[in-house]
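These are my notes from a first pass through the structure, written in the order in which I looked things up. I began with the fold of each chain and then went on to single residues.

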Amino acid sequence: MTESMNHGIGVDIAFVLLAALAVISGWRVFRTDSMVRASFFLLVSFIAVGAIMILLAAEYLGVAMFFMMAVEMTVMALFMVMFMMNPAGLNPMNMVHQERIAIGAGIAGFVVLGAMALFAAFPERPLPTGLDPVRSLGLEMLGDSMLIFESAGIVLLATMIGVVVLSSHRGRYGAAAEGSMPPGLAPGGDPAGKSEEDEEAGGGHEHHHH
Amino acid sequence: MIVDQLILPLLMVLVTLSVGAYIVAVLDRLMAGAFGAPRGGNVWLAPLTRGAWLLTQHANATEAPDWRAWRLAPALYLALAAIGLAVMPWSASLVATDLVTSVVLWGSVEALATVVIFLHGWSANALLTLIGGYRYVALGLSYILISMFVLIGVALPAESLQFTQVVASQEGLWNVLRQPLGLPLFLIVGLGMTFWGPLDLADSTDLAGGTASEVSGPPRLVWDIARAAMLVAFSGVATTAFLGGWLGPWLPGPLWVIVKMLAVLSVLLLLGRWLPRLAPERCVTLMWVVLLPLSFLALVWAGAVALWE
């Protein structure tokens, strides 16, 4: 008990509030009706977890969580809007599917993790005084484990490039090079929904995208 | 303990925030006058008058906005500026929060600013604000990357991610001379992220005000203060990262910081008046094709200098 008394009551209060924020915003991800809102609720949840990591003296990993998740959730929200044909994610939309499997997986996950938290014998290893979390993490990642981290990094980069190549190859109306013009009514015909006058007037492309 | 660690730092950040935003408004008006723009009324009173006027105005409503996100976005942007000012050291010991990863926290502030600006544009449920939000995300990704590379550059000689260590590493030579590309790139990012001058593409007049086009009254006041406060935070971080922070002869450290911040703010506001305007598409190209490779170069330069030293 004396070991755990070396932090103030403020840390405990902060932990409880952040944990509640993480859980509530995580729950809101599935109850909201918009992809953009869901993404940013998830971001709030991750930020709360990052702040808890800072409380646990993982100063680099906690802060890294903030900027990684900020960019990741923005990109995710925009990609979902682009690929889901829901104009700007503003139309109400159900955020859950395959509910039975999801409920089963959720309960199983909760039971396993809860059992681990309650019954596992965690080692008692208080932080050594004078621990430099940033330096020790850097030595870990670029020392003994460098091969693993670097290979994982290159695999992830290759995956990202591959996904962009695959997903940008085909647009909503055919090849990506077709642009955003709708296909013709007859195969190879003029784009549908384009009036005669527009064609004669030429230029003024902004009028076509309705 | 609570007074030392909570109330005093909070007070320090709040004072910097409000005084800084006021100074930005005054400096900008003085510069507008110097550039021959018609000046209405007293330069020192005009920001306060405008603020009071906005406070009394009706807050506009659009059709079915996301109210919570729309009202929160300006406040969150102001909070991000406050985080930036909180990690900026005034002297070796006078700093609101001396986090060991404060450089990375500032990077997160820039990344989260993208989220907040997009939300501000998205949640109004209106066309022009939405275009402004999308426009900012397209530009904001390049701003984040450029700024991250030049900030990794200043962390190299310091061998630390802590702003106080970054200043201490400039005892012999300021980073503005050691890494000449860093400061100009960082200032351009600062103008872009606060939509100042010609880089106001997310809130520009061609979109009738972009993400802020539907915002009036008190929320508009918060948005304007937040932008000015973010510019102050940028000047603080630029002072810390490139201009040696509190280092300097004769004067006490915090005074040096104020002098340098005012100088950086003047340069930023001057650039805002001087730089030419670019179309958003060409601005994205400029960022990715010219400035981002330049920031790689700045990082390679910083690494080579760090090895040589």
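**Chain B, overall.** Read along the sequence, the pattern of chain B is α-α-α-α-α-α-α-α-α-α-α.

Before going further I noted that this is a predicted model, in which local features need pLDDT of at least 70, side-chain atom pairs count only at pLDDT 80 or more, and totals for chains, interfaces and linings use all residues. I also noted that residues are numbered from 1 along each chain as its sequence is written, and that chains are lettered from A and ligands numbered from 1 in the order in which they are written.

I then checked the dimensions of chain B, whose C-alpha trace spans about 60 × 45 × 40 Å along its principal axes. Its radius of gyration is 19 Å, which agrees with the value near 19 Å for a compact globule of 309 residues; the radius is taken over C-alpha atoms, and the globule rule is 2.2 Å times the number of residues to the power 0.38. Of the 309 residues of chain B, 51% count as buried, a residue being buried if 20 or more other C-beta atoms lie within 10 Å of its own, exposed if 12 or fewer, and partly exposed in between, with C-beta atoms placed from the backbone. Among contacts in chain B with a separation of 6 or more, 79% are between residues 24 or more positions apart, two residues being in contact if their C-beta atoms, placed from the backbone, lie within 7 Å.

**Chain A, overall.** For chain A I found 7 helices and 2 strands, in the order α-α-α-α-α-α-β-β-α from the N terminus on. Buried residues make up 15% of the 210 residues in chain A. Of the contacts in chain A between residues at least 6 apart in sequence, 47% join residues at least 24 apart.

I looked at confidence here as well: the mean pLDDT of chain A is 80, and 77% of its residues reach 70 or more, pLDDT being the predictor's confidence in each residue, from 0 to 100. Over residues 1-5 of chain A the pLDDT is below 50, and this stretch has 1 contact in the model beyond near neighbours in sequence. The pLDDT is also below 50 over residues 199-210 of chain A, a stretch with 5 contacts beyond near neighbours in sequence. I keep in mind that where pLDDT is low, the predicted coordinates should not be read in detail.

**Where the chains meet.** I found 18 residues of chain A in contact with 20 residues of chain B. On the chain A side, the elements that give two or more residues are helix H2 (35-55) and helix H3 (59-83), and the largest share, 11 residues, comes from H3(A).

I then asked which contacts A:Arg37 makes, leaving aside its neighbours within four places in sequence. The contacts are with A:Thr32 and B:Asp66. A:Arg37 is found in helix H2 of chain A and is buried, because 23 other C-beta atoms lie within 10 Å.

**B:Trp196.** This residue is found in the loop between H8 and H9 of chain B, and it is buried, with 24 other C-beta atoms within 10 Å. Not counting residues up to four places away in sequence, B:Trp196 touches B:Leu191, B:Leu231, B:Leu268 and B:Gly272. B:Trp196 and B:Ala228 are 32 residues apart in sequence, and their C-alpha atoms are 9.0 Å apart in space.

**Two backbone angles.** Most residues other than glycine have a negative phi, so I wrote down two exceptions. B:Glu159 has a positive phi of about 50°; it lies in the loop between helix H5 (127-158) and helix H6 (163-168) of chain B and counts as exposed, with 11 C-beta neighbours inside 10 Å. B:Ala208 has a positive phi of about 55°, lies in the loop between helix H8 (182-193) and helix H9 (218-242) of chain B, and counts as partly exposed, with 14 C-beta neighbours inside 10 Å.

Notes
Helices (H or I, at least four residues) and strands (E, at least two) are DSSP runs, numbered from the N terminus.
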